[in-house]
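Hello,

Here is the structure I promised to pass on. Please open it and keep it in view while you read my notes below.

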Amino acid sequence: MATHMREALVVEDARGESEFAALVLGEFDLHVTRVRNGEAALDHLLARAEQVGIVVIPVDLTGTLDGIGLARRISVLLSLIHISQGIV
């Protein structure tokens, strides 16, 4: 059986923004997983890369990895990434 990418991963440390992004993405019939930092995002992606179709990362993410650093790590670890800049 083929695996369908029906999961969105929202990486956001601010609760309000995380909830808003989840609400919007949920309108597209996506299962939304929310994590608060880059390390948790990497752990989740390594475990479920085939199911995740979109990752929403703010550029100003706080913690060890900012948004750009996280996007770079994802591109190296998973060998694929499409980076888009925009506002949800």
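Start at E7: its bridge partner in strand 2 is H31. Bear in mind throughout that this is a predicted model. E7 has a bridge partner in strand 3 as well, namely V52.

Now move along to V11. Its opposite number in strand 2 is V35. Strand 1 covers residues 7-11, and five bridges tie it to strand 2 in the parallel sense. On strand 3, four bridges make the link to strand 1, and these two strands also run parallel.

Put together, the three strands give an open, parallel sheet with the order 2-1-3. Strand 2 (31-35) and strand 3 (52-56) are the edge strands, each pairing on one side only. On average, neighbouring strands are turned by 20° against each other, direction ignored. As background, strands of a sheet pair through backbone hydrogen bonds, either parallel or antiparallel.

**Two faces of strand 1**

How many residues of strand 1 are buried? Five of its five are, so to speak, under cover. E7, L9 and V11 point one way. A8 and V10 point the other way.

**The helices**

Helix 2 (residues 38-48) lies across strand 1, strand 2 and strand 3. Relative to strand 1, helix 2 runs at about 165°.

Look at H44, which sits in helix 2. Is H44 buried or exposed? H44 counts as buried, because its relative accessibility is 15% and the cut-off for buried is under 20%. Setting aside neighbours within four places in sequence, H44 is in contact with E7, L9, T33 and V52.

**The cores**

Which residues make up the largest nonpolar core? There are eleven: L9, V11, V35, A41, L42, L45, V52, L61, L65, L70 and I74. Helix 2 gives the largest share, three residues.

L9 is worth a click. Leaving out neighbours within four places in sequence, L9 is in contact with T33, V35, A41, H44, L45, V52, I54, V55 and V56. Apart from this core lies another one, of five residues, including A8, V10, A21 and L25.

So much for the tour. Over to you.

Best wishes

Notes: Residues numbered from 1 in each chain as written. Predicted model: local features only at pLDDT ≥ 70, side-chain atom pairs only at ≥ 80, totals over all residues. Heavy atoms only, no water. Pairing = 2+ DSSP bridges. Axes fitted to C-alpha atoms, helices over the stretch in contact; angles between N-to-C directions. Contact = heavy atoms within 4.5 Å. Buried < 20%, exposed > 50% of the residue type's maximum accessible area, 1.4 Å probe, protein only. Core = buried A, V, L, I, M, F, W, Y, C linked by side-chain atoms within 4.5 Å.
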